[in-house]
Amino acid sequence: MKATVFIKPGQVEVQEVEKPIIQNSNDAIIKVVRASVCGSDLWFFRGISQREPNTLVGHEAIGIVEEVGADVQNVKVGDFVIAPFTHGCGHCAACLAGFDGNCLNQTEMGSSGFQAEFIRFTNANWALVKIPGQPSDYTENQLNSFVTLADVMATGYHAARTAEVSRGDTVVVMGDGAVGLSGVIASKLMGAERIIVMSRHADRQKLAKEFGATDIIEERGEEAVNKVMALTKSGADAVLECVGTEEAVDTAVQLGRPGAIIGRVGVPQKSDMNTNNLFWKNIGLRGGIASVTTYDKEMLLNAVLNDEINPGKVFTKKFGIDEVQSAYEEMDKREAIKSLLVMD
């Protein structure tokens, strides 16, 4: 089968590799219909984070179940499914508490990356999210939205959920990539009255407003803080940190009113940070790995099916599997908000 392989910073390529097989009784083999490139994939593509060469990549996909292990009862061959990157088991303490991103029974993330023609999916019995019908029953926009439910939409929702966004709130969203834009959608769903997005890119600003943003701030650092304070007088009720840098977290603390909560979902790029400023403003810092299966089953899948949300609009460029290098490059150069991979 064809699969995407990381070669070195700045280079991925499609190679012919062995098709995965069932290895454990809770595995499923999925024929991929659509996959995507995630903003977190750019960290190793840019050489910012370390990754072993010649490893398979990708963690967002939808597809058709082709084979299941003996213990998989909740999905069957032929089912159309979302493949969340979290692989929760559904019965450990973390999953039962609604934190399947921190499942205590995760053993691996599957034997192959998701930017491929087939994947082996572990913890398939509970973690896979079944979509009614077949791909042919849905529009292109709906199919694209289903792909976001494998990660970015659920991650943006996690930012808003952990920040405890409530009806009437003022929310600041830091990060205008697919996760930040999904955070705008989530904040709107939760009833936020004012949604301020930090963005310098016209295409992302336009989409943010379409999703429900009320204000755009292009400034950074102290200028951005001053502008938010001028708009809000006392600071935001909630801040969604969808970047992951130390500067972003530091700015988020300054943007919140006393007692605000920061929902942090940007993958941390520094191992430590100064938390003293949280103390002096009674600011809460929460967040982490999203609870993808939990949120999809709880409400996000139905929100897409009922046309309440259309997060698939974050895909602004479409590629075939053989064009995966271009898919990465377009995102790296910010010429695509998010790259979609469509399988034959």
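User: Hi! What's the handedness of the crossing of α5 and α6?

Analyst: The crossing is right-handed, meaning the near helix is turned clockwise from the far one by less than a right angle. Helices here are DSSP runs of H or I with at least four residues, strands are E runs of at least two, and both are numbered from the N terminus. This is a predicted model, where local features need pLDDT of at least 70, side-chain atom pairs count only at pLDDT 80 or more, and totals for chains, interfaces and linings use all residues. Residues are numbered from 1 along each chain as its sequence is written, and side-chain values use heavy atoms, with hydrogens and water left out.

User: Thanks! At what angle do the axes of α5 and α6 cross?

Analyst: Roughly 60°, with the axes of α5 (residues 152-162) and α6 (residues 178-189) coming within 7 Å. Axes are lines fitted to C-alpha atoms over the stretch in contact, and angles run from 0 to 180 degrees between N-to-C directions. The pair is therefore oblique; under 35 degrees would be roughly parallel, over 145 roughly antiparallel and 65 to 115 roughly perpendicular.

User: And which residues make the contact?

Analyst: From α5, Val-152, Met-153, Thr-155, Gly-156, Tyr-157 and Ala-160; from α6, Ala-178, Val-179, Ser-182, Gly-183, Ile-185, Ala-186 and Ser-187. Contact means heavy atoms within 4.5 Å.

User: Is α5 mostly covered or exposed?

Analyst: Mostly covered: ten of the eleven α5 residues are buried, which is under 20% relative accessible area with a 1.4 Å probe, protein chains only. Among them are His-158, Ala-159 and Thr-162.

User: Let's zoom in on Ala-160. What does it touch beyond its neighbours within four places in sequence?

Analyst: Ala-160 is in contact with Val-165, Ala-186, Ser-187, Met-190 and Leu-240, leaving those neighbours aside. Ala-160 has 0% relative accessibility, so it counts as buried.

User: What comes just after α5?

Analyst: Glu-164, which takes a positive phi of about 55°.

User: Switching to the chain: how many helices and strands?

Analyst: Twelve helices and 16 strands. Buried residues make up 56% of the 344 residues.

Technical notes: Buried means under 20% relative accessible area, exposed over 50%, partly exposed in between (1.4 Å probe, protein chains only).
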